[in-house]
Amino acid sequence: MSTQAAVLIQPKPKPVKTVRQGNFREYGLMIALVVIMIFFQFMTNGTLFKPLNLTNLVLQNSYVIIMALGMLLVIVAGYIDLSVGSVAGFIGALAAVMMVRWHIDFRIAMVLCLIVGGAIGAGQGYWIAYHKIPSFIVTLAGMLVFRGLTLALLGGDSIGPFAIPFQQLSTGFIYDFFGHTGFRVTSMGIGTLVAVIMFYNSLRRRLNREKHGFQGGSFALFVLENLIISGLVLYLSYQLASYKGLPNVLIIMGVLIALFAFITTRTTVGRRIYALGGNEKAAKLSGIKTERLAFGTFVTMGALAALAGLVFTARLNTATPKAGVGFELDVIAAVFIGGASASGGVGKVMGAVIGAFIMGVMNNGMSIMGVGIDWQQVVKGLVLLAAVIFDVYNKNKA
């Protein structure tokens, strides 16, 4: 190969402006979340950042974040799932019947419920993936079916309470190995470790890009951005550690977030899901088994909806006929606010998580301020609309 040809195939370094624009898109959501939290911290006279309220914020949004991870895959693949709220409510009711009426051990009941959730996702995914019935129609039918089954299963009544170990799934806190009843050292240690790992991974990705000839922009700006993120993690960890420590459900969420981030960014399956949502015909022509891939996303969504239903039911300590009503709207909104595209092929795990927290902070902050549920719905609807308009604007501009 000639020297001239070798030069021509060298990867062209990205302009600094492009990298900075990418950094803005990557950290823009985080900045928006921080700004919203500071705003409500001021408007609530410091109540938002109190350890008790931060703990409640995590517990209140845990089921939304869990389902948002599955919904991200579904939306990235180019589909939608309107049934997740009803599935979560149905699984909660099923778990209650198993544990309270049939006296099944809570561990066995949880495993069976997760299997049922996956089977529900498989049933819906089968018609969507292999028979090409629009996901909107199939999951809308599922929303109605499982809402009705929830009412039938509970007979219009609430079932509870549950065994303490099952309640700990959502309301428990990690054990402090140092035996402290005040400040939880173990929780603070875990938070510090997470902050260090996040900073290290970000630095490694930057160095890897520079190694392949891509400019990384201002190093000082990079350090500042990551110090802000790490500082936020440390601050929240400190606040939680000063109350009861890290909630069990936060650990569950952390593991799931890390797992799905790895799947979407480092695995062949993840790349194929993005290819499926970007252009299904091209993906199929390239050898990707699109039907099986789409089927798998709905199975995953069903299992995560089941887990979210268990978490929500454990937190309430009772299964109610109205559990799960409206959950699908919060979950879908979180994913779109987090940067996912309505046309598929675009979206990130951390974006969906931050989007869920943006919704959660707004709900929590407005509730503390005494804003009525009517105006809360108006604000959330406007935020969702703004997020989609921003996505369409960026796409047209590109």
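1. The lining of the second largest pocket in this predicted model comprises nine nonpolar, nine polar and four charged residues. The lining has 22 residues in total, and those nearest the centre of the pocket are Q60, N61, Y63, D330 and N363. The volume of the second largest pocket is about 370 Å³.

2. Several helices contribute to this lining. At least two residues each come from helix 3 (51-76), helix 13 (290-316), helix 14 (327-337), helix 15 (349-369) and helix 16 (373-397). Helix 15 makes the greatest contribution to the lining of the second largest pocket, namely six residues.

3. Helix 3 also contains N53. The relative accessibility of N53 is 10%, and N53 is therefore classed as buried, the cut-off being under 20%. With residues up to four places away in sequence excluded, N53 touches T47, L48, N364 and I368.

4. The largest nonpolar core holds 80 residues, of which M67, M71, I91 and F166 touch the most other members. Helix 3 provides the largest share of this core, with 15 residues. As general background, nonpolar side chains in soluble globular proteins tend to be buried together.

5. Beyond its neighbours within four places in sequence, F166 contacts M99, F106, M110, L310, T313 and A314.

How values were computed:
Residues are numbered from 1 along each chain as its sequence is written. This is a predicted model: local features need pLDDT of at least 70, side-chain atom pairs count only at pLDDT 80 or more; totals for chains, interfaces and linings use all residues. Side-chain values use heavy atoms; hydrogens and water are left out. On a 1 Å grid over the protein atoms alone, a cavity is a set of points where a 1.4 Å probe fits but cannot get out, and a pocket is an open set with protein on both sides within 12 Å along at least five of seven lines; lining residues have an atom within 4 Å of a point. Grid points are joined across faces, edges and corners, and a volume is the space filled by probe spheres set on the points. Helices (H or I, at least four residues) and strands (E, at least two) are DSSP runs, numbered from the N terminus. Ala, Val, Leu, Ile, Met, Phe, Trp, Tyr, Cys and Pro count as nonpolar, Asp, Glu, Lys and Arg as charged, and the others, Gly among them, as polar. Buried means under 20% relative accessible area, exposed over 50%, partly exposed in between (1.4 Å probe, protein chains only). Contact means heavy atoms within 4.5 Å. A nonpolar core is a set of buried Ala, Val, Leu, Ile, Met, Phe, Trp, Tyr and Cys residues joined through side-chain atoms within 4.5 Å.
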